[in-house]
Structures are given as C-alpha cells and as structure tokens.
Amino acid sequence: MFNFSGKNVLITGATGGIGKALCKAFLDNGCKISLVGTSDEKLNHFINSELDASRCPAYSCDFMDKEAAKTLAKKI
C-alpha cells in the first residue's frame, strides 16, 4: 500500500509490544530506524536478540524530562 523504503523512522516505546512490531515491520520494508525507550537494558537486549544492532541506533530517554528530550533531539 505504502512504500517506506529508504525512509528514516523514529520509534518511541520501541521495547513495548507495539513498538517491537513497528521496528520489525519498518526494517522489513527497507526503512532506517532509530529506537527510543526508557531502559538501556531493554533496548540493548531487544536490538541484540531480535534485530540487527548494526542497523538500529538506540537511545534511552524519559520524555517526562524536558531536558532529556531536548538532548535526545540534538543527538538524533
């Protein structure tokens, strides 16, 4: 239906059920994804066990913290 190949996609909540499914679906459709979650441990486990870590930069951020969100935006 839609062609997302080559698009950059930022997925927040990447370690939750819907987030994981989105990561896999976008990767399967040729997208470049960046993952965001609140736990480094969960992010690292997910990208190393279920995804190709070399293709998936991951960032830890709590969006309730405005400064952390600003820092994340600068990194990305």
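Helices and strands here are DSSP runs, numbered from the N terminus. The legends below follow a predicted model.

**View 1. Phenylalanine 46 sits in helix 2.** Let's start with one side chain and its surroundings. Helix 2 covers residues 40-49, and phenylalanine 46 is part of it. Is phenylalanine 46 buried or exposed? Phenylalanine 46 has a relative accessible area of 1%, and because anything under 20% counts as buried, this residue is buried. Leaving aside residues up to four places away in sequence, phenylalanine 46 touches Ala14, Thr15, Lys20, Cys23, Lys24, Leu35 and Leu51. Glycine 16 is 30 residues from phenylalanine 46 along the chain, and the C-alpha atoms of the two are 10.0 Å apart.

View 2. The strands are arranged in the order 1-2-3, with parallel pairing. Which strands stand at the edges? They are strand 1 (8-12) and strand 3 (58-60); each has a single partner strand, so one side of each lacks a neighbour in the sheet. From one strand to the next, the twist averages 20 degrees. Five bridges join strand 1 to strand 2 (residues 32-37) in the parallel sense, and isoleucine 11 has leucine 35 of strand 2 as its bridge partner. Helix 1 (residues 17-28) packs on this sheet and touches strand 1 and strand 2; the directions of helix 1 and strand 1 make an angle of about 170 degrees.

**View 3. Cysteines without a disulfide.** How many disulfides does the count come to? The count is zero. For cysteine 56, the closest cysteine sulfur belongs to cysteine 23, but at 7.0 Å it is too far for a bond; a disulfide would need the two sulfur atoms within 2.5 Å. Cysteine 61 is in no disulfide either, as its nearest cysteine sulfur, again that of cysteine 23, is 16 Å away. Cysteine 56 counts as buried at 2% relative accessibility, and cysteine 61 counts as buried at 5%.

**View 4. Phe2, Phe4 and Phe26 form a cluster linked by ring pairs.** The whole structure holds two aromatic pairs. In one, the ring centres of phenylalanine 2 and phenylalanine 4 are 6.0 Å apart and the planes are at 45 degrees, so this pair is tilted. In the other, phenylalanine 4 and phenylalanine 26 have ring centres 5.6 Å apart and planes at 80 degrees, so this pair is edge-to-face. Phenylalanine 4 belongs to the segment before strand 1 and phenylalanine 26 to helix 1, so their pair ties together parts 22 residues apart in sequence. Phenylalanine 2 is exposed at 62% relative accessibility, phenylalanine 4 is partly exposed at 35%, and phenylalanine 26 is buried at 19%.

Technical notes:
Residues are numbered from 1 along each chain as its sequence is written. This is a predicted model: local features need pLDDT of at least 70, side-chain atom pairs count only at pLDDT 80 or more; totals for chains, interfaces and linings use all residues. Side-chain values use heavy atoms; hydrogens and water are left out. Helices (H or I, at least four residues) and strands (E, at least two) are DSSP runs, numbered from the N terminus. Buried means under 20% relative accessible area, exposed over 50%, partly exposed in between (1.4 Å probe, protein chains only). Contact means heavy atoms within 4.5 Å. Two strands pair if DSSP finds at least two bridges between them. Axes are lines fitted to C-alpha atoms, for helices over the stretch in contact, and angles run from 0 to 180 degrees between N-to-C directions. Rings of Phe, Tyr and Trp (its six-membered ring) pair if their centres lie within 6.5 Å; planes under 30 degrees apart count as stacked, over 60 as edge-to-face and the rest as tilted.
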